[in-house]
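Let's take a friendly walk through a protein model together.

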Amino acid sequence: MAPAQILQDTRNDSEPIAALKYGVREDYEGNYRFAPIEESQVSRAMIKRYFNTMYDRTISDVVIVGAGSAGLSCAYHLATSRPDLKITIIEANVAPGGGAWLGGQLMTPMVIRKPADAFLQKIGVPYEDEGNFVVVKHAALFTSTVLSKVLALPNVVLMNATAVEDLIIKTDFEGRQRVAGVVTNWTLVALNHDTQSCMDPNTITAPIVISATGHDGPMGAFSAKRLVSAGLLAGLGNMRGLDMSRAEPAIVNQTREVAPGLIMAGMELSEHDGSNRMGPTFGAMIGSGIKAAHEAIRTYESAEIVNGKVVGKKIRRT
C-alpha cells in the first residue's frame, strides 16, 4: 500500500482547503483505490493550464500550421536546434499526424527513401533496410514516436482541434506585405460559421509561420490558397500527377520562404508550385520538414524582432 499523501486544492481564488490524508492502492484483486478528487478540481486543472498556454503563446517565435509528418519533423528539428524559441503547432484535427498513421491504400507499413532514414535513427524508430529505402513496420510507430518526442520538448506547444482561419498580413519595414502570424479558432467553430451567427477568432503573432497543411482538401493547402485570395500569389500551381522520382526531391529542394514571413513545407508546396505528388513514400515529408526548420532558423537569426514583429534586419558586425 502506498504511503498516505496530502491533497490540496490548487485554486488561486481561495484559501487551500484543509489537507486531506488519503490512501491509494494499486490492487488488481478488487481493492484498487484512487486518490479523491472533485469535479471542479479537474476543470480548474485543465482550464488554468490551457488558457495560461494560450496567453503565453499569443506571441510565439515560430508557428507551425499542420502536425503531419512534415510539420512534426520540422518541429522536432527546430525545437532541438533552438531550444530558446517558443514554437507553437496548430493542428485542425483532434488527432495530430495527418496522413502518416498509415501507408498506401490503408496498409500499415511506411516506406521512407534514403537518406531520410537518418531521422528515424535520430528519434529511435526501428525499420527494415531494403537498400535504397527502409520500411517501418507500422506508420503509426513513426508518427507516435515523433509526436511523443515533440510534445516532450519544453519549448513546444501543440494546439490541436484548432483551425487557422486566416493569416495576419501587415506592411513591413520595407513596405512589403508580410505574414505576421495566424488567425485561429476552434475547429468545430470554424466548421460552423454557416450555421451560427458571428463567432470571432483569436490571433497569434509570430515573425515566422511555417505552413505544412498538405495538398488540397478540407483543411489542406490553406496558406497557398490564402496567398492567392490575398493577392500575394498569382495562382495555384496545382499538384501534378504521381511521380515519386521527381516529386520527392522537388518538395525538399523547393521548401522555402514563399512570401515574407511564410515558409511552406510538405505537400502544400505541390499545390503552390505545381509539382508532382509522390504517393505513399514519406522521405520527402521528413526532409522538407527539416529544411523548413533550417530556413526558419536562418530567417529568425537575420531579423530584428520586437514583441514578435519583424522590425528590421540585423546588422552584422565585422
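This is a predicted model: local features need pLDDT of at least 70, side-chain atom pairs count only at pLDDT 80 or more; totals for chains, interfaces and linings use all residues.

**A residue from a record**

With that term in hand, you can find Cys-198 in the loop between α5 (187-190) and β11. An unreviewed UniProt entry lists Cys-198 for "modified residue: 2,3-didehydroalanine (Cys)". Is Cys-198 buried or exposed? Its relative accessibility is 64%, so Cys-198 counts as exposed, because exposed means over 50%.

**A buried serine**

Ser-275 sits in the loop between α8 (268-273) and β16 (276-277). Its relative accessibility is 12%, so Ser-275 counts as buried, because buried means under 20%. If you set aside the neighbours within four places in sequence, the contacts of Ser-275 include Asn-238, Met-239 and Arg-240, as well as Leu-269 and Ser-270.

**Strand β10 and its partners**

Now find strand β10, which covers residues 177-186. Eight of its 10 residues are buried, so β10 is largely enclosed by the rest of the structure. On strand β9 (residues 162-171), β10 has an antiparallel partner, and nine bridges link the pair. One place to look is Val-164, which stands opposite Thr-184 in β10. Together, β9 and β10 make a hairpin with five residues between them.

**The pockets**

| Pocket | Volume | Lining residues | Largest share of the lining |
|---|---|---|---|
| Largest pocket | about 990 Å³ | 44 residues | β9, four residues |
| Second largest pocket | about 250 Å³ | 14 residues | α9, five residues |

Which residues lie nearest the centre of the largest pocket? They are Gly-98, Gly-99, Thr-213, Gly-214 and His-215. By class, the lining of the largest pocket has 21 nonpolar, 18 polar and five charged residues. The elements α2 (69-81), β9 and α6 (222-229) each supply at least two residues of this lining.

In the second largest pocket, Pro-115, Ala-116, Val-252, Gly-283 and Gly-287 lie nearest the centre. Two or more lining residues come from each of α3 (117-123), α7 (244-253) and α9 (283-302). This lining divides into nine nonpolar, two polar and three charged residues.

Conventions:
Residues are numbered from 1 along each chain as its sequence is written. Side-chain values use heavy atoms; hydrogens and water are left out. Buried means under 20% relative accessible area, exposed over 50%, partly exposed in between (1.4 Å probe, protein chains only). Contact means heavy atoms within 4.5 Å. Two strands pair if DSSP finds at least two bridges between them. UniProt positions are given in the numbering used here, feature names are shortened, and annotations may be inferred rather than shown by experiment. On a 1 Å grid over the protein atoms alone, a cavity is a set of points where a 1.4 Å probe fits but cannot get out, and a pocket is an open set with protein on both sides within 12 Å along at least five of seven lines; lining residues have an atom within 4 Å of a point. Grid points are joined across faces, edges and corners, and a volume is the space filled by probe spheres set on the points. Ala, Val, Leu, Ile, Met, Phe, Trp, Tyr, Cys and Pro count as nonpolar, Asp, Glu, Lys and Arg as charged, and the others, Gly among them, as polar.
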